[in-house]
Amino acid sequence: MWMQHSRYKPIAVRELQVTQINQPLTDLADYKQALVVFRHGVAVVGQAWLPVTNGRVTVADLRLVEVRLAAAIWQRTTNESAPPKRSMPTASVVICTRDRPADLARCLPGLAQLADQGHEVLVIDNCPSDDQARNLVARYPQVRYIYEPRPGLNVARNRGLQTAQGEIVAFTDDDAIVDPGWLDALRANFNDPTVALVTGITMPIELETPAQIWFEESNGFQRGFERRVFDVQSLDPVGAGRIGAGVNMAIRRAALQQIGLFDEALDGGTPAMSGGDQEFFYRVIARSYRAVYEPAALVWHRHRREWADLRRCIEGYGVGLFAWWTRAFLVEGDWTVLKNGSMWFVQHHVREAARAILQRPGATPRDLALAELRGALAGPGAYLRARIKAREQTGKG
């Protein structure tokens, strides 16, 4: 089986300031490879998959990477030497959780530090089966607990948007850990009044299992190491997934009057399974706002460890993509999704499934390719069912 492939053995994850490249990375005796995340100040400027020899990554290997990072380091140095910007907007932080107390316990200490700095921090407990999340949050009196009885990730996100007091609402997931400079790096980009959305870079906490390694190599959340600005002239809204991911995003509350809230017929807890963040990003661009991808805003994410969980996740991505494209057609009247969706289905899903079945070199594992294909086929119907269900829950249907 693919999972037993000798290539996919545990990989160490380490971060390193570029000013420390003259020192080897040590204490890696249990690994043969390391993913090294290079930082310049708070910003992530690159990464490299490097060999581990005798329990260390050598200075020679690190310096070879430094040469490739020269342009990114220079850009960050120039940006950080620019005149200081005016005061940043106020921010609230929202974490949506449901029955994952172990993840939440790892997430909360970093969020409590933000609360200690004076930022509002809200934990939205989405239709929980017990009181574990409530009890965990009670250990941090500076963090506010909110019970949301209706299931659905986008339901919880909307509860956070409607409850938060900050000008900006930043979101992360319960299976992520925020970097100390994360929130300020997001907030700094809202000095432009046309910016309604900022996303950040997301790196893996660990790469200990084949599922985690495959996901990071093939479907990881990071979108590169250069700051990018997106608008309707530079990005087709249908391709909004290029902007970032919901695990690391911040939204200008004042823009919600034009953009609207998250669609509660999408994402976790619904038949659509995912896609709620990308569909929201679509409307940000379609409403002529700007979005920024900022690699100085870092969170660390714990990818799914088990292969079965990864397979369900990949199927969910297929469902969610075609679910939100269905919404774009039905609700937004965007006819371009018919062409783009058809092309993507054939060129990506069908092609990858065929390559997997034929066992072509570098092909997606067969079970994952077929799971994503099944999800894509189910997406339109899943959205219609989820839409009916959402209306019934809110009494509008």
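These points cover the nonpolar cores and aromatic contacts of a predicted model.

1. The largest nonpolar core has 58 residues. Phe171, Leu197, Ile243, Ile251, Phe280 and Val284 are those with the most contacts inside it. Helix α10, residues 307-330, gives the most to this core, with six residues. Apart from it lies another core of 45 residues, with Leu114, Ile168, Ala211 and Phe221 among them.

2. Leucine 197 can be followed residue by residue. Leaving out residues up to four places away in sequence, Leu197 touches Phe190, Ile243, Met249, Ala250, Ile251, Phe281, Val284, Arg290, Ala291 and Val292.

3. In helix α7 (residues 210-219), the buried residues include Ala211, Gln212, Ile213, Trp214, Phe215 and Glu216. The cover over the buried residues of α7 includes β3 (43-51), β9 (195-204), α10 and α12 (366-394).

4. The structure holds nine aromatic pairs. In one of them, the rings of Phe215 and Phe221 have centres 5.5 Å apart and planes at 65°, so the pair is edge-to-face. Phe215 is buried, with a relative accessible area of 4%, and Phe221 is buried at 13%.

5. Phe262 and Phe280 form a stacked aromatic pair, 4.5 Å centre to centre with 25° between the planes. Phe262 lies in the loop between α8 (256-259) and α9 (276-286), and Phe280 in helix α9, so the pair ties together parts that are 18 residues apart in sequence. Both Phe262 and Phe280 are buried. The charged end of Arg157 sits over the ring of Phe262, 5.2 Å from its centre.

6. One aromatic cluster is formed by Tyr282, Phe322, Trp324, Trp325 and Phe345.

How values were computed: Residues are numbered from 1 along each chain as its sequence is written. This is a predicted model: local features need pLDDT of at least 70, side-chain atom pairs count only at pLDDT 80 or more; totals for chains, interfaces and linings use all residues. Side-chain values use heavy atoms; hydrogens and water are left out. A nonpolar core is a set of buried Ala, Val, Leu, Ile, Met, Phe, Trp, Tyr and Cys residues joined through side-chain atoms within 4.5 Å. Buried means under 20% relative accessible area, exposed over 50%, partly exposed in between (1.4 Å probe, protein chains only). Helices (H or I, at least four residues) and strands (E, at least two) are DSSP runs, numbered from the N terminus. Contact means heavy atoms within 4.5 Å. Rings of Phe, Tyr and Trp (its six-membered ring) pair if their centres lie within 6.5 Å; planes under 30 degrees apart count as stacked, over 60 as edge-to-face and the rest as tilted. A charge sits over a ring if NZ of Lys or CZ of Arg is within 6 Å of the ring centre and within 35 degrees of the ring normal.
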